[in-house]
Amino acid sequence: MNSPHLRLLSCLAVPLLAACGAEPSETVAEVPPPAYTCCEDLDVDRPYQPGQTLTVQWTVESPDEPGSTSPQVELTARLMGPYGKVDDLKAASAAPGLVTFTATPVRPSGTPGERPASTIVIGSDAKPGFYDLVTSVIGDGNTTASGSSIIQVAPKP
């Protein structure tokens, strides 16, 4: 039976059935969040004096793709010393009279162009020598990435 009504019903039903099919799923690639590293050479490759402020410029390594969100991270920096020789500092030998100067933790927002910085005031009574600058990025779940640089504190002129 080949009635015109049946053909018309078929013409109407086929597009409706096609519309009921499963939509193709879009795979959304997860964009990595920005990463923070420390330090710019300008920050560490010069001697400091007691009473000066060491400013640590954090480098933000943003992903190439827009749309990433910054995880909640905390950037920390501390300066510990003095060590008489760089070898003592590298050996992490305990020396009597070590002091620690600490920066207030920085919590970057992750906005494009942000330039987070940590500041450490070197005490005016700091003894000359080599100090270990320890920087850390503490993220979700307390995962920590850290680094170390050597800072020289010279005697006051």
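1. Strands β2 and β5 run antiparallel and are joined by 5 bridges, where strands (E, at least two residues) are DSSP runs numbered from the N terminus, and two strands pair if DSSP finds at least two bridges between them. Within this pairing, threonine 55 has threonine 119 of β5 as its bridge partner.

2. On provenance, this is a predicted model, in which local features need pLDDT of at least 70 and side-chain atom pairs count only at pLDDT 80 or more, while totals for chains, interfaces and linings use all residues. Residues are numbered from 1 along each chain as its sequence is written, and side-chain values use heavy atoms, with hydrogens and water left out.

3. The pairing of β2 with β5 belongs to an open sheet of 3 strands, in the order β1-β2-β5 and with antiparallel pairing. Because β1 (35–38) and β5 (117–121) stand at the edges with a single partner strand each, one side of each is left without a neighbour in the sheet. From one strand to the next the twist averages 25 degrees, with axes taken as lines fitted to C-alpha atoms and angles running from 0 to 180 degrees between N-to-C directions.

4. Between β1 and β2, which run antiparallel, there are 4 bridges; tyrosine 36 is partnered by valine 60 of β2, and cysteine 38 by tryptophan 58 of β2.

5. Proline 116 lies in the loop between β4 (99–102) and β5, and at 6% relative accessibility proline 116 counts as buried (under 20% relative accessible area, with a 1.4 Å probe and protein chains only). The C-alpha atoms of proline 116 and tryptophan 58 are separated by 5.5 Å, although the two are 58 residues apart along the chain. Leaving aside neighbours within four places in sequence, the contacts of proline 116 (heavy atoms within 4.5 Å) include Tyr36, Trp58 and Val60.

6. Serine 136, in strand β6 (residues 129–138), also counts as buried, at 13% relative accessibility. With neighbours within four places in sequence set aside, serine 136 is in contact with residues including Trp58, Glu74 and Thr144.

7. Not counting residues up to four places away in sequence, isoleucine 151 touches, among others, Leu54, Leu79 and Leu133.

Definitions and conventions
Buried means under 20% relative accessible area, exposed over 50%, partly exposed in between (1.4 Å probe, protein chains only).
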